[in-house]
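Please walk through this model from the contact between its chains, through the domains, down to single elements.

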Amino acid sequence: MTSNGFVTVRPGHAIPRGQVPDLRMAEFRQAILDGVVRGHRVAALFAHTESASELRLYAVLADSARSLLRVCRSKMDSDSFPSLTPDCPQVHLFEREIAEQYGVRAEGHPWFKPVRYHASYRPGHDAWGRRPGQAQVIGITDYYRVEGVEIHEVAVGPVHAGVIEPGHFRFQCHGEHVFHLESSLGYQHRGAERMLAGGPTKRTLHAIETVAGDTTIGHASAYCQAIEALAGGQSPIRAEVLRGVALELERLANHTGDLGALANDVGFLPTASYCGRIRGDFLNLTALICGNRFGRSLVRPGGVGFDLDASRRRECQDRLEAAYRDVENAVSLLWDSASVQARFEGTGAVDRDTCQALGMVGPAARACGVECDARQDFPSGIFRFAQVPVSTWSTGDVFARAYVRWLEIQRSVAFIREQLAAVPEGPIRTGIGAMKPEQFVATLVEGWRGAICHAALTDASGRFARYKIVDPSFHNWMGLAVAMRDQQISDFPLCNKSFNLSYCGHDL
Amino acid sequence: MLQIGLARLRQGHRTVAFPAEAPVLPDRFRGLPLVDSTKCPDGCQTCAEACPTDAIAVEEGKVRLDLGRCLFCTDCVDVCPADAIRYSQDHRLATRTRDDLILEGQPLQLARALDAKSRRLFGRSLKLRQVSAGGCNACEADLNVLGTVVFDLGRFGIQFVASPRHADGIVVTGAVSENMRSALLETYAAVPPPKLVIAVGACAISGGPYAGNPEVHDGCDSFLPVDLYVPGCPPHPVTILDGLLRLLGRLDE
């Protein structure tokens, strides 16, 4: 079905590539702008070389009111395209990514600089006019600068003080006061997306599981849904339950760890210490199911790799209850401690309009009062049958991002309880056939950081012509920068942790 | 305040008994892989063909397994027609050399302790700077866990520190992206000698799932003199702790 220039398709349903409407560039731009005005979110915007000379842009808009994706494309007839960013800020990073990957210029883009500092995929085409072989030095760029008396610049990273991933942050400050933060990433770039073209190979799923290693289940689920749609297969209901349980265990572990880390960043050590351990209790529940704390080898095309027998299920239930009692006890200390609340409340606030303009997702968006959650808006797998209420708060600050995580911990535990109480009988895996040629599919899975979008195009032989990964962090890094405006620079660790974004998921 | 005290009582003492007692691991834990080449059907290559990182090679009926490349996934186990390959519960995996990670039927040569002089320096106080150079945040997370009350790394005198200037060595994770190469080398250079290098995870040892990608350097081996290899994807925290304690000569068996 086509409407307003788009073909509409449900996430996880493949359509022939030819059904995606080809719009002229002006129409393509207008269709995206009109969609965003109607409240749709740009879930993915990417380029694909259809042939050596032909480059097309694909747009995937998420229409949450109708649980549909709206997809269109446009052929590029030169090495530049007019930037949408001035009218539609949420595409700013997508346009920079397209420019870097395919060597095309986004004319009029206000922040036109590389994202990951790699050579263009199309030799001879470079958005910044660099010669082939000219060294790309990461982090060498024109940083946004504030001029003035006593303005100073603070540079942090790529190697940070803690055991965390690398990235560079550049602050424009006046004393402690932050005017602006620019996050300059790309240090983790491993070629994770580029290596998927031509696949799947025996390595593909392992790359997917490590796109962001703390989101193994989320990304593996998005990938397997795409594969199953392209092959016309379906994973059995028992497997869908286990995937859903694993997805929520992943959320529980990470949300618990984040609440502990937030407590640590305000010097409230009891909760920091307890949550550090309880996070492990949730990871160990995933390991009880599949042997690996991060869920490696659990989600597989056509189902799951491990079953949950009756005694294992009971152990899972018992340990879930014990961990929940502990986390409830540990986290409740946060809300009852005035010293914690004084540091959380009002720090790093993002307003609802800004949040939506930036296209933010996940707990960070829900903390701004935006009701978006792929489990509710675009239900797939077991979430078609079991609803998880959307948890929101309105203040958009560190407190809101912390409190939404606590609300979600409660909902996830309730969901797992419900699922484990009645695991349907049946197989855990079915064989799926070969992927169909010349198809398009996009999937949306609500990972613990927010909506994960995968989009795939198959070629004439049913291999991936293009595989696009959008980690939720890609939408949210600008949110952190905005949250830091007019804050004290000493609040950066707290604000950063309240988002806890992925570096490797962004850098791919 | 009262509530905080009550919570403290309630949460109790949760530090694991390891290394005094054997670690408690899930029954499906994938530890040291065991291969019985005698079970292999003639000419069978299914495990080698299925292995995502080519960690397995079968030549003349002998299986050669490179733990440095192994992702400890289930792809080989799932396809083996003869149950010749399976995972044991053995969490001990760390070695001192890259060659020790290559198994051709011999028992795994676990990491030997540092020499006496190094042990005098580091044995009771080891400060480490962690550098993620293309890590996926799983190895990083399971290193972080060592600092929690569960493993309480501090009781062994081992600590992660914020500056290479304060460190006795670095712990590298990730396949070493080209974009982190210079930062990794500069961090290493900033550590005062004598210093240690510990490679944690398949990526840091061999590139892991990203081996061969032009954007990465297939681990830190070609840049840095590695003193301890801890395989896994990611290694279990107890595997990392076991390796660290072996290096310091604080484990006997």
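Between the two chains, 49 residues of chain A are in contact with 49 residues of chain B, where contact requires C-beta atoms, placed from the backbone, within 7 Å. On the chain A side, the elements that give two or more residues are α3 (204-209), α6 (269-290) and α7 (310-336) of chain A; helices (H or I, at least four residues) and strands (E, at least two) are DSSP runs, numbered from the N terminus. The largest share of that side, 10 residues, is from α6(A). Sorted by class, the side of chain A that touches chain B holds 22 nonpolar, 18 polar and nine charged residues. Here Ala, Val, Leu, Ile, Met, Phe, Trp, Tyr, Cys and Pro count as nonpolar, Asp, Glu, Lys and Arg as charged, and the others, Gly among them, as polar.

This is a predicted model, in which local features need pLDDT of at least 70 and side-chain atom pairs count only at pLDDT 80 or more, while totals for chains, interfaces and linings use all residues. Residues are numbered from 1 along each chain as its sequence is written, and chains are lettered from A and ligands numbered from 1 in the order in which they are written.

Within chain A there is a division into domain 1 (2-107) and domain 2 (194-507); domain bounds come from an automatic or database domain assignment. The C-alpha centres of these two domains of chain A are 26 Å apart. Their contact takes 24 residues from domain 1 of chain A and 27 residues from domain 2 of chain A. On the domain 1 side, β3 (15-16), β5 (41-49), β6 (55-63) and β7 (68-76) of chain A each supply at least two residues, and β5(A) provides the largest share, six residues. That side of domain 1 of chain A has 15 nonpolar, seven polar and two charged residues.

Chain B is assigned domain 1 (33-90) and domain 2 (116-247). The C-alpha centres of these domains of chain B lie 28 Å apart, and the contact takes eight residues from domain 1 of chain B and 10 residues from domain 2 of chain B. By class, the side of domain 1 of chain B that touches domain 2 of chain B has five nonpolar, two polar and one charged residues.

Chain B also has an open sheet of three strands in the order β2-β3-β5, with antiparallel pairing; two strands pair if DSSP finds at least two bridges between them. Its edge strands, each pairing on one side only, are β2 (56-59) and β5 (102-103) of chain B. Strand β3 (residues 62-66) of chain B is joined to β5(B) by two bridges, and B:D66 has B:I102 as its bridge partner in β5(B).

Which residues touch the most other members of the largest nonpolar core? They are A:A43, A:A59, A:V60, B:V172 and B:A199, in a core of 245 residues. Such a core is a set of buried Ala, Val, Leu, Ile, Met, Phe, Trp, Tyr and Cys residues joined through C-beta atoms within 7 Å. Helix α5 (residues 237-265) of chain A gives the most to this core, with 13 residues. Not counting residues up to four places away in sequence, A:A43 touches A:V60, A:L61, A:A62, A:L69, A:L444, A:A451, A:C453 and A:V470.

Last comes helix α13 (residues 472-483) of chain A, whose 12 residues should span 16 Å at 1.5 Å a residue, the expected span being 1.5 Å times one less than the number of residues. The end C-alpha atoms of α13(A) are 17 Å apart, which agrees. Of its 12 residues, 10 are buried, meaning that 20 or more other C-beta atoms lie within 10 Å of a residue's own C-beta, placed from the backbone (12 or fewer is exposed, in between partly exposed). Among them are A:F474, A:M478 and A:L480.
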